[in-house]
Amino acid sequence: MRRYGKHTDEDDIRVRPDRRGSRPRTHRRPAHEDAVEGMVTTVDRGRLTCRVGDRAVVAVKARELGRKGVVVGDRVALVGDLSGDRDALARIVRVERRRSALRRTADDDDPYERVVVANADQLAIVTALADPPPRPRLIDRCLVGAYDAGLEPLLILTKADLASAGAMVKTYAPLGIRHVVTTGLHEEEEGEPDEATRRVIASVRELLVGRTTVLVGHSGVGKTTLVNGLVPERRRATGRVNEVTGRGRHTTTSALALPLSDEEGEPEGWVIDTPGVRSFGLHHVNPSRVIHAFPDLEPGTEGCPRACGHDEPDCALDAWVAAGHADPRRLESLRRLLATRERHEGD
């Protein structure tokens with residue numbers, strides 16, 4: 001082995017060249033003062049489509065963002081090729097602070113929290129009154145997620161031509177949630193909505209103008225047909241309900257933000273369509289905050305003992321409901337949610 005003395009000749013030492021160049025490493029990040037603001041409208045396998053002005057720009061995350069997640073609804077800063085041309089690719093160099101974030105887990109036993117949509121201000125829960133039958137527990141879970149994220153909930157009840165909406169409206173009326181009942185959403189052979197559907201869509205549209213609204217619901221409730229009517233220039237595939245299982249077939253595979261435009265084509269709101277869900281996990285929600293999703297019950301907790309779990313013999317909610325201040329089914333929903341959370345914590 002060759003050894004070098006204390007006074008070696010530097011010319012005698014071979015230095016392997018650095019293929020990456022000799023630029024010194026630094027922790028300073030570029031400021032990107034020339035970055036242009038955009039909004040993420042969909043994410044697909046590492047490619048993010050962003051709305052920049054009136055253009056759709058495809059981008060990737062810059063390396064300096066590291067593992068920071070970017071989701072639909074995020075406001076971002078972009079550099080690079082912003083032309084929107086085919087094969088053009090920009091870079092997202094900054095993600096602005098989120099005003100809100102709708103989160104969910106796959107189920108209550110899943111610790112992995114997923115941000116579904118960022119910067120929304122309204123959550124529209126779409127549920128059919130029949131075919132498939134309504135799932136009040138799922139509605140309650142979505143309400144918990146909405147209140148936890150700071151979103152205003154909206155209940156859209158579809159297929160009222162197949163079943164009455166009276167019971168559902170009565171159940172959720174004490175919550176003060178805005179709701180709209182639709183008598184049927186049907187598309188003609190050419191994919192255009194019929195006259196009755198157009199009237200229904202107009203009534204729904206009034207509740208969405210000026211807002212960024214996320215639509216959630218399990219498959220087969222008519223969510224995508226509703227989106228197709230609200231944003232006819234971006235029609236999405238629709239599916240049928242399985243006659244054996246009563247479940248819908250997934251036709252939306254990724255979240256997609258669509259501009260709600262006026263007659264002149266100017267955006268006056270956003271609609272975010274999401275894949276159909278069969279569960280809405282609440283592992284990320286502290287059980288003590290679940291009661292906030294039941295504002296008709298919350299005043300009754302003033303008489304509860306300290307640290308009451310709201311399912312104990314001396315819980316004041318029993319007397320509150322017995323006095324007629326709230327629907328007993330609402331207390332049942334609350335306790336079923338809390339029981340689900342407690343089973344997880346005890347595992």
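1. Helix α1 is followed by Gly-150, whose phi is positive, near 80 degrees. The model is predicted: local features need pLDDT of at least 70 and side-chain atom pairs count only at pLDDT 80 or more, whereas totals for chains, interfaces and linings use all residues. Residues are numbered from 1 along each chain as its sequence is written, and side-chain values use heavy atoms, with hydrogens and water left out.

2. On confidence, the mean pLDDT of the protein is 82, and 80% of its residues reach 70 or more; pLDDT is the predictor's confidence in each residue, from 0 to 100. Over residues 237-252 the pLDDT is below 50, yet this stretch has 36 contacts in the model beyond near neighbours in sequence. Contact means heavy atoms within 4.5 Å. Residues 8-13 also stay under 50 in pLDDT, and for them the model has four contacts beyond four places in sequence.

3. For the overall make-up, the protein has six helices and 13 strands. Of its 347 residues, 45% are buried. Buried means under 20% relative accessible area, exposed over 50%, and partly exposed in between, with a 1.4 Å probe and protein chains only. Among contacts with a separation of 6 or more, 65% are between residues 24 or more positions apart.

4. Helix α1 covers residues 136-149, and at 1.5 Å a residue its 14 residues should span 20 Å; the end C-alpha atoms are 20 Å apart, which agrees. The expected span is 1.5 Å times one less than the number of residues. Because 10 of the 14 residues of α1 are buried, the helix is largely enclosed by the rest of the structure. The buried residues include the run Leu-138, Ile-139, Asp-140, Arg-141, Cys-142, Leu-143, Val-144, Gly-145 and Ala-146, and Ala-149 is also on the list.

5. The loop between β8 (122-128) and α1 holds Pro-132, and Asp-131 is found in that loop too. A cis peptide bond joins Asp-131 and Pro-132, with omega about 0 degrees. Most residues other than glycine have a negative phi, and most peptide bonds are trans. Asp-131 is partly exposed, with a relative accessible area of 45%.

6. Lys-159 has a positive phi, near 60 degrees, and sits in the loop between β9 (152-158) and α2 (166-172). Ala-307 likewise has a positive phi near 60 degrees, in the loop between β13 and α5. Lys-159 is buried, with a relative accessible area of 17%, whereas Ala-307 is exposed at 73%.

7. The axes of helix α3 (residues 195-205) and helix α4 (residues 223-230) come within 10 Å and cross at roughly 85 degrees. That makes α3 roughly perpendicular to α4. Axes are lines fitted to C-alpha atoms, for helices over the stretch in contact, and angles run from 0 to 180 degrees between N-to-C directions. Angles under 35 degrees count as roughly parallel, over 145 as roughly antiparallel, 65 to 115 as roughly perpendicular and the rest as oblique. The contact is made by Ile-201, Val-204 and Arg-205 of α3 with Leu-226, Gly-229 and Leu-230 of α4.

8. Helix α4 is mostly covered, since eight of its eight residues are buried. They are Lys-223, Thr-224, Thr-225, Leu-226, Val-227, Asn-228, Gly-229 and Leu-230. These buried residues pack against β8, β9, α3, β11 (212-216), β12 (256-261) and β13.

9. The loop between β13 (267-273) and α5 (317-322) also contains His-310. His-310 is buried, with a relative accessible area of 13%. Not counting residues up to four places away in sequence, His-310 touches Thr-301, Cys-304, Cys-315, Leu-317, Arg-335 and Leu-338.

10. Leu-282 is found in the loop between β13 and α5 as well. Leu-282 is buried, with a relative accessible area of 1%. The C-alpha atoms of Leu-282 and Asp-110 are separated by 8.9 Å, although the residues are 172 apart along the chain.

How values were computed:
Helices (H or I, at least four residues) and strands (E, at least two) are DSSP runs, numbered from the N terminus.
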